[in-house]
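Please look through the notes that follow with the model open.

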Amino acid sequence: HVQLVLSGGGLVQPVGSLRLSCAASGSIGSINTMGWYRLRPGQQRELVAVITIDGTTNYADSVKGRFTISDDNAGRTVSMQMNALRPEDTAVYYCNSNLRRSDRWSFNTYWGKGPLVTVSS
């Protein structure tokens with residue numbers, strides 16, 4: 001049993017900040033990647049940021065320089081600090097992880113859906 005539980009989000013004004021967190025729980029053997037995706041109104045789900053087991057990070061161009069992804073708890077918790085938020089950042093944010101369950105030999109991908117982040121005056 002593996003779950004990704006998200007916290008954070010809400011309503012903020014433009015140029016404001018939010019911090020999202022995602023915690024992986026259950027029988028986890030090892031984690032390859034932890035990342036964030038989002039679904040903006042009228043668009044398809046897109047990658048926002050991802051961090052790999054070795055600490056390598058990758059960001060969407062639209063959030064580069066504004067968002068920062070980090071991990072903790074041996075990679076089982078991932079956070080994303082979102083600064084200088086814009087109305088176009090409004091979206092439902094998802095947590096994603098490629099990990100291996102302790103009772104399996106292969107890696108698989110898991111998703112956690114978080115609350116809506118709304119950026120509006």
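1. How many of the 11 residues of strand β9 (residues 91-101) are buried? The count is 10, so β9 is largely enclosed by the rest of the structure. Buried means under 20% relative accessible area, exposed over 50%, and partly exposed in between, with a 1.4 Å probe and protein chains only. Strands are DSSP runs of E with at least two residues, helices are runs of H or I with at least four, and both are numbered from the N terminus.

2. Basis of the note. This is a predicted model, in which local features need pLDDT of at least 70, side-chain atom pairs count only at pLDDT 80 or more, and totals for chains, interfaces and linings use all residues. Residues are numbered from 1 along each chain as its sequence is written, and side-chain values use heavy atoms, with hydrogens and water left out.

3. Partners of β9. Two strands pair if DSSP finds at least two bridges between them. Strand β4 (residues 28-39) runs antiparallel to β9, with 10 bridges. Within this pair, Ser30 has Arg100 of β9 as its bridge partner. β9 also pairs with strand β10 (residues 107-119), again in the antiparallel sense, over nine bridges. There, Cys95 is bridged to Gly112 of β10. The link from β9 to β10 is a hairpin of five residues.

4. Strand β5 (residues 46-52). Five of its seven residues are buried, so β5 too is largely enclosed by the rest of the structure. β4 and β5 are antiparallel and share six bridges. Met34 is bridged to Ile51 of β5. Six residues separate the strands of this hairpin, and Gly42 has a positive phi near 75°.

5. The step from β5 to strand β6 (residues 57-59). The two strands are antiparallel, with three bridges. Ala49 faces Tyr59 of β6 across the pair. Their hairpin has four residues between the strands, and Gly55 in the turn takes a positive phi of about 95°.

6. Positive phi outside glycine. Please check two alanines. Ala74 has a positive phi of about 60°. Its place is the loop between β7 (67-72) and β8 (77-82). Ala74 is exposed, at 62% relative accessible area. Ala84 has a positive phi as well, near 50°. That residue sits in the loop between β8 and β9. Ala84 is partly exposed, at 33% relative accessibility.

7. What does a search of the whole structure find at 30 Å³ or more? It finds one cavity. The volume of the largest cavity is about 40 Å³. A cavity is a set of points on a 1 Å grid over the protein atoms alone where a 1.4 Å probe fits but cannot get out; lining residues have an atom within 4 Å of a point. Points are joined across faces, edges and corners, and the volume is the space filled by probe spheres set on them.

8. Lining of the largest cavity. The residues are Ile31, Asn32, Thr33, Met34, Ile51, Thr52, Ile53, Asp71 and Gly75. β4 and β5 are the elements that give two or more residues. β4 gives the most, with four. By class, the lining has four nonpolar residues, four polar and one charged. Here Ala, Val, Leu, Ile, Met, Phe, Trp, Tyr, Cys and Pro count as nonpolar, Asp, Glu, Lys and Arg as charged, and the others, including Gly, as polar.

Notes. On a 1 Å grid over the protein atoms alone, a cavity is a set of points where a 1.4 Å probe fits but cannot get out, and a pocket is an open set with protein on both sides within 12 Å along at least five of seven lines; lining residues have an atom within 4 Å of a point.
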